[in-house]
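The stops below say what to select next.

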Amino acid sequence: MNGLAAGGPIAMKDHDAIKLFVGQIPRNLEEGDLKPLFEEFGKIYELTVLKDRFTGMHKGCAFLTYCARDSALKAQSALHEQKTLPGMNRPIQVKPADSEGRGEDRKLFVGMLGKQQSEDDVRRLFEPFGQIEECTILRGPDGASKGCAFVKYGSHAEAQAAISSLHGSQTMPGASSSLVVKFADTDKERTLRRMHQMAGQLGIFNPMTIQFGAYGAYTQAIMQQQAALMAAAQGTCLNPMAAIAAAQMQQMAAFNVSGLVAAPMTPSSGTSTPPGISTAPVPSIATPIGVNGFSPLPPQTNGQPASETIYTNGIHPYPAQSPTVADPLQQAYAGMQHYAGPEGCNLFIYHLPQEFGDAELMQMFLPFGNVISAKVFVDRATNQSKCFGFVSFDNPTSAQAAIQAMNGFQIGMKRLKVQLKRPKDANRPY
DNA sequence: TTCGATT
């Protein structure tokens with residue numbers, strides 16, 4: 001019934017067909033241009049150039065599925081790293097897409113290779129232990145080897161055998177220590193690592209991003225989006241922070257989050273469970289519109305400078321539930337010398353990631369209200385974070401909302417501990 | 001691993 005269509009044959013793919021990832025293709029080549037190149041290895045079932053979801057920009061790579069598994073294998077061995085398309089300075093990549101096979105348990109990371117060692121050298125070293133499906137040396141933008149590689153075997157056992165025999169077995173010429181052979185990071189680990197790296201670079205940390213960092217596709221979307229925005233920001237002298245804020249807000253909007261800190265997050269207190277994306281409550285987070293853009297307006301009421309009103313912390317308090325977007329940074333700066341708010345407004349946060357600074361701490365808690373100070377404690381001698389800090393809000397409601405949402409919040413391997421700061425005289429017996 | 005900053 002559906003064998004043929006007027007426009008051409010409807011191809012069926014074999015059940016063991018492999019989806020290939022094709023990288024290093026010029027951005028001016030579309031599906032139609034690429035087709036001839038790949039057709040010589042067999043009938044193509046599907047060929048899709050990857051486009052940026054938001055900008056529609058050609059991403060320089062594609063997914064390719066042949067009808068027959070064999071065609072994919074042929075194309076891979078004939079093309080992968082074998083030729084360089086016009087205008088590219090690196091050879092084309094043709095290999096099973098990440099979505100294929102998962103394969104994490106048979107993929108090795110190889111470190112401490114000599115910078116001169118080629119893919120072939122590495123293959124020779126590893127082939128005694130099994131069928132090598134993939135071997136890639138990691139290279140910098142200039143094509144120079146980073147001294148490490150990924151090697152993927154057909155099975156976990158083969159990979160394990162290679163580890164047993166090769167790890168630490170020898171020191172390659174030019175390497176600073178002996179060969180490292182271990183299982184490659186899982187997707188989770190990799191994503192998490194990238195997050196941390198990115199967070200460090202951007203000086204930002206969005207709890208949602210961290211939270212879902214370990215949960216795959218969702219995060220990738222965010223990261224892509226942030227990256228795109230970063231790129232845009234660089235091109236137009238936008239403040240990158242503003243770009244990120246925009247990205248965050250879009251994400252939050254996607255969650256249909258209302259403007260207020262509201263919902264009880266996790267019913268249980270103490271160590272709350274890390275949200276699996278589908279099951280757990282999503283932290284409901286106020287949209288911190290003014291967060292990164294400094295509001296041009298000083299806090300004042302009807303033309304009366306707020307500073308006329310004296311509060312103990314020197315900060316003009318906003319109503320707890322005010323949808324008004326204050327400019328917390330400005331407030332924070334204004335209140336710098338008075339770091340603690342009233343009782344019930346100050347949080348003690350423990351198990352912070354080592355790389356968290358004041359800015360990240362503040363960033364993380366801004367969604368819950370007006371942060372009047374955020375301080376990560378650093379060891380004076382080493383300048384290293386002591387992994388704890390304080391956040392003060394201008395009202396107890398915000399503080400409670402923050403506790404609800406952030407206590408037990410998982411970041412990497414640790415869970416934040418977020419509780420009210422002990423009053424000064426708390427543990428005095430009398 | 002746990003509670004306010006070089007004045």
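**Stop 1: the sheet**

Begin with the open sheet of 4 strands, ordered β14-β15-β13-β18 and paired in the antiparallel sense. Strands (E, at least two residues) and helices (H or I, at least four) are DSSP runs numbered from the N terminus, and two strands pair if DSSP finds at least two bridges between them. At the edges are β14 (371-378) and β18 (417-420), each of which pairs on one side only. Neighbouring strands are turned by 20° against each other on average, direction ignored; axes are lines fitted to C-alpha atoms, for helices over the stretch in contact, and angles run from 0 to 180 degrees between N-to-C directions.

This is a predicted model, in which local features need pLDDT of at least 70 and side-chain atom pairs count only at pLDDT 80 or more, while totals for chains, interfaces and linings use all residues. Residues are numbered from 1 along each chain as its sequence is written, chains are lettered from A and ligands numbered from 1 in the order in which they are written, and side-chain values use heavy atoms, with hydrogens and water left out.

Next select β13 (residues 346-350), which pairs with β18 over 4 antiparallel bridges. Opposite Ile349 stands Val418 in β18.

**Stop 2: two helices**

Then show helix α11 (residues 396-406), which lies across β13, β15 and β18 and runs at about 155° to β18.

**Stop 3: aromatic rings**

The whole structure holds 10 aromatic pairs. Rings of Phe, Tyr and Trp (its six-membered ring) pair if their centres lie within 6.5 Å; planes under 30 degrees apart count as stacked, over 60 as edge-to-face and the rest as tilted.

Select Phe21 and Phe63: this pair is edge-to-face, at 6.2 Å centre to centre and 70° between the planes. Phe21 is in strand β3 (residues 19-23) and Phe63 in strand β5 (residues 58-66), 42 residues apart.

Tyr350 lies in β13 and Phe388 in β15, so the pair ties together parts 38 residues apart in sequence. Colour the cluster that ring pairs make of Phe348, Tyr350, Phe377, Phe388 and Phe390.

**Stop 4: charges over rings**

Finally, select Lys19, whose charged end sits over the ring of Phe63, 4.4 Å from its centre. The criterion is NZ of Lys or CZ of Arg within 6 Å of the ring centre and within 35 degrees of the ring normal. The charged end of Lys107 sits over the ring of Phe150, 4.7 Å from its centre.

Note on methods. Contact means heavy atoms within 4.5 Å.
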